[in-house]
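Colleague: Hi, I'm new to this one. Could you walk me through it?

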Amino acid sequence: MSSFELLAGAAGSSVILHVPHSARETPAEVRAGIVLDDAALERELDHIVDAHTAELAERAARLSRVVPWRFVNRLSRLVVDPERFPDGREEMLAVGMGAVYTRTTHREELRPGDTDPGPLLARYFHPYARAMTDAVAERLEATGRAVVIDVHSYPSAPLPYELHGEGPRPPVCLGTDPFHTPPGLLAAAREAFGEVGLNSPFSGAYVPLEFYGRDPRVSALMVEIRRDTYMTEPGGPAGPGLDRLAQALAALVDSLG
């Protein structure tokens with residue numbers, strides 16, 4: 001099984017719904033390097049996984065007039081986190097949660113602190129990054145632009161790993177980038193989702209490094225949905241809020257053409 005999947009949308013769509021944190025799957029060879037017992041690992045996945053976001057993106061794609069592309073991580077972010085910087089630029093290294101996590105959401109040991117991240121980066125992170133770069137390049141070639149919409153969720157109460165958990169926790173948090181989030185994209189998201197906040201408790205938006213800060217044809221927005229609005233926390237089933245959010249996400253996609 002590939003660690004990620006690109007699901008084709010309409011040839012004329014510039015939108016990629018990026019779902020990096022929805023999976024729980026951890027290959028056996030990666031599991032062997034995690035020190036948690038099975039019960040503790042399941043609890044950690046309940047806290048760290050953006051549950052049901054792949055289903056949310058799928059429902060939104062079905063509802064959209066012009067079907068967006070979807071890039072979905074099929075492995076847990078405990079394998080690698082494809083949205084982190086793979087080097088010293090990553091601020092989450094301060095809590096042991098760079099591209100390869102060594103600490104849990106509660107700042108407990110996940111892997112030994114001296115774990116070499118190189119093999120996991122080579123096996124999982126870099127192929128993912130190349131494939132996402134290619135997906136964006138293909139949308140640029142096909143349509144002249146690319147819009148990456150990151151689909152995430154976050155807990156209603158802050159977890160100990162959060163570096164900026166003291167701020168507002170709105171129903172929908174929009175993460176922006178000063179270079180890659182144009183005003184029109186932000187306005188469209190506000191219109192689609194209604195009650196939103198900006199960059200709290202999470203900020204930024206994912207753009208492949210080849211384009212990051214360089215190519216204004218690549219737009220990006222992170223959509224962080226507070227989990228109590230659509231599911232039972234932590235790690236429980238989805239509720240009716242998922243349908244409402246899928247309709248809002250589809251409305252955003254449709255507004256982008």
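Modeller: Happy to! One term to begin with: contact here means heavy atoms within 4.5 Å. This is a predicted model, by the way.

Colleague: Good to know. Which strands does helix α5 lie across?

Modeller: Helix α5, residues 183-193, lies across β4, β5, β6 and β7. Its direction is at about 30 degrees to β7.

Colleague: And what is the strand order in the open sheet?

Modeller: There are 7 strands with mixed pairing, in the order β1-β3-β2-β4-β7-β5-β6. From one strand to the next, the twist averages 20 degrees.

Colleague: Which strands stand at the edges?

Modeller: Those are β1 (4-7) and β6 (196-198). Each has a single partner strand, so one side of each has no neighbour in the sheet.

Colleague: How many bridges join β1 to β3?

Modeller: There are 4, and the two strands run antiparallel.

Colleague: Which strands does α4 touch?

Modeller: Packing on the sheet, α4 touches β1, β2, β3, β4 and β7. The direction of α4 makes about 160 degrees with that of β2.

Colleague: Changing topic: where does Gly96 lie?

Modeller: Gly96 is in the loop between β3 (69-73) and α4 (118-143).

Colleague: Is Gly96 buried or exposed?

Modeller: Buried, because its relative accessibility is 14% and the cut-off for buried is under 20%.

Colleague: What does Gly96 touch, leaving out residues up to four places away in sequence?

Modeller: Tyr101, Thr102 and Arg103. Gly12, on the other hand, is 41 Å from Gly96, C-alpha to C-alpha, and 84 residues apart in sequence.

How values were computed. Residues numbered from 1 in each chain as written. Predicted model: local features only at pLDDT ≥ 70, side-chain atom pairs only at ≥ 80, totals over all residues. Heavy atoms only, no water. Buried < 20%, exposed > 50% of the residue type's maximum accessible area, 1.4 Å probe, protein only. Pairing = 2+ DSSP bridges. Axes fitted to C-alpha atoms, helices over the stretch in contact; angles between N-to-C directions.
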